[in-house]
Amino acid sequence: MKIALFIPCLVNQMMPEVAIATLELLEKLGHQVILPEGQTCCGQPMTNSGCYDEAKKTTLKLLNAFKGVECDAIVCPAASCLVAAKENFHEFDSSPEAQAVIDKLYELTEFLHDVAPIKQFARPYPHKISLQLSCHGIRMLNLASPSESMGPKFNKVEAVLAPIAGIEIVYPERHDECCGFGGTFAVDEGAVSAKMGKDKAQAHADTGAVYAVGFDPSCLLHLDGMMRRQHLLIQTRHIAQVLNAAL
């Protein structure tokens with residue numbers, strides 16, 4: 001498949017290793033990967049703060065970067081940014097061209113579960129990992145069933161990772177509770193955000209896992225800071241890094 005990468009500004013500026021791992025793993029799987037130029041912020045910080053006029057300019061610039069691009073899918077390694085892009089594209093541009101872009105948008109885990117599953121892994125990953133099921137991914141993209149749901153239980157994240165030889169998957173207590181980042185919430189409610197982050201980081205460490213693995217870089221960035229400040233014996237990894245290491 002021909003895949004256009006959507007690399008959000010947070011990944012580009014703060015966690016470029018996630019973008020590199022995403023590119024490498026998709027190419028290892030035989031896909032043709034392109035990176036459309038002109039990408040910018042999805043507008044999430046502005047819309048979260050009610051600044052819709054400011055968000056519109058940024059959102060449309062990002063949307064225009066993908067309009068007319070010939071590809072089978074647009075893949076993003078950041079769930080919350082993907083959700084914001086989908087919602088903002090729909091809000092600010094009702095054209096068929098915009099809808100064509102929206103229809104091709106996939107979060108990385110979603111793409112590897114629903115569209116192009118990994119058939120075989122080449123290497124073991126002999127580590128115990130604690131899964132970080134972030135809010136936007138499970139409640140907006142249906143990457144896993146949230147604990148409050150009374151419907152059938154499912155977990156696309158675990159399903160993608162489970163076939164890797166040697167991997168041990170565990171979960172922290174209150175596994176799908178917010179880590180406290182929440183975009184601008186971490187700025188507006190810093191003390192509350194920090195307390196939630198410390199509790200979540202400790203919960204991951206208490207599992208005895210080597211890595212806390214998730215699909216949302218913003219949450220992982222928040223948790224990484226909390227883990228380092230508390231000198232916890234656990235680190236964060238994005239799911240793209242784990243999958244890439246096993247291919």
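Residues 24 or more positions apart make up 77% of the chain's contacts with a separation of 6 or more. Contact here means heavy atoms within 4.5 Å. The model is predicted: local features need pLDDT of at least 70, side-chain atom pairs count only at pLDDT 80 or more, and totals for chains, interfaces and linings use all residues. Residues are numbered from 1 along each chain as its sequence is written, and side-chain values use heavy atoms, with hydrogens and water left out.

## The whole chain

The chain has 13 helices and eight strands. Its radius of gyration is 18 Å, close to the 18 Å that the globule rule gives for 247 residues, so the chain is as compact as a globular protein of that length. That radius is taken over C-alpha atoms, and the globule rule is 2.2 Å times the number of residues to the power 0.38. Helices (H or I, at least four residues) and strands (E, at least two) are DSSP runs, numbered from the N terminus. The C-alpha trace spans about 50 × 45 × 35 Å along its principal axes.

Of the 247 residues, 49% count as buried. Buried means under 20% relative accessible area, exposed means over 50%, and partly exposed lies in between (1.4 Å probe, protein chains only). The accessible surface of the chain comes to about 11,600 Å². Carbon and sulfur atoms hold 52% of that surface. Such areas come from the Shrake-Rupley method with a 1.4 Å probe; for residues, only the protein chains shown count as cover.

## Helix 5

Helix 5 covers residues 79–92, which is 14 residues. It reaches 20 Å from its first C-alpha to its last, close to the 20 Å expected at 1.5 Å a residue. The expected span is 1.5 Å times one less than the number of residues. Ten of the 14 residues are buried, so helix 5 is largely enclosed by the rest of the structure. Among them are Cys81, Leu82, Val83, Asn88 and Phe92.

Ala84 is another buried residue of helix 5. The C-alpha atoms of Gly43 and Ala84 are separated by 7.1 Å, although the two are 41 residues apart along the chain. Gly43 sits in the loop between strand 2 (32–34) and helix 3 (44–48). Gly43 is buried, at 0% relative accessibility. Not counting residues up to four places away in sequence, Gly43 touches Ala55, Thr58, Thr59 and Asn88.

Thr109 lies in helix 7 (residues 108–115). It is buried, at 1% relative accessibility. Leaving aside neighbours within four places in sequence, Thr109 is in contact with Lys156, Val157, Val160, Phe215 and Ile239.

Leu221 belongs to helix 12. It is partly exposed, with a relative accessible area of 30%. Not counting residues up to four places away, Leu221 touches Leu10, Met14 and Met15. Leu221 and Ile167 are 54 residues apart along the chain, and their C-alpha atoms are separated by 23 Å.

Arg174 has a positive phi and is not glycine. His231 also has a positive phi without being a glycine.
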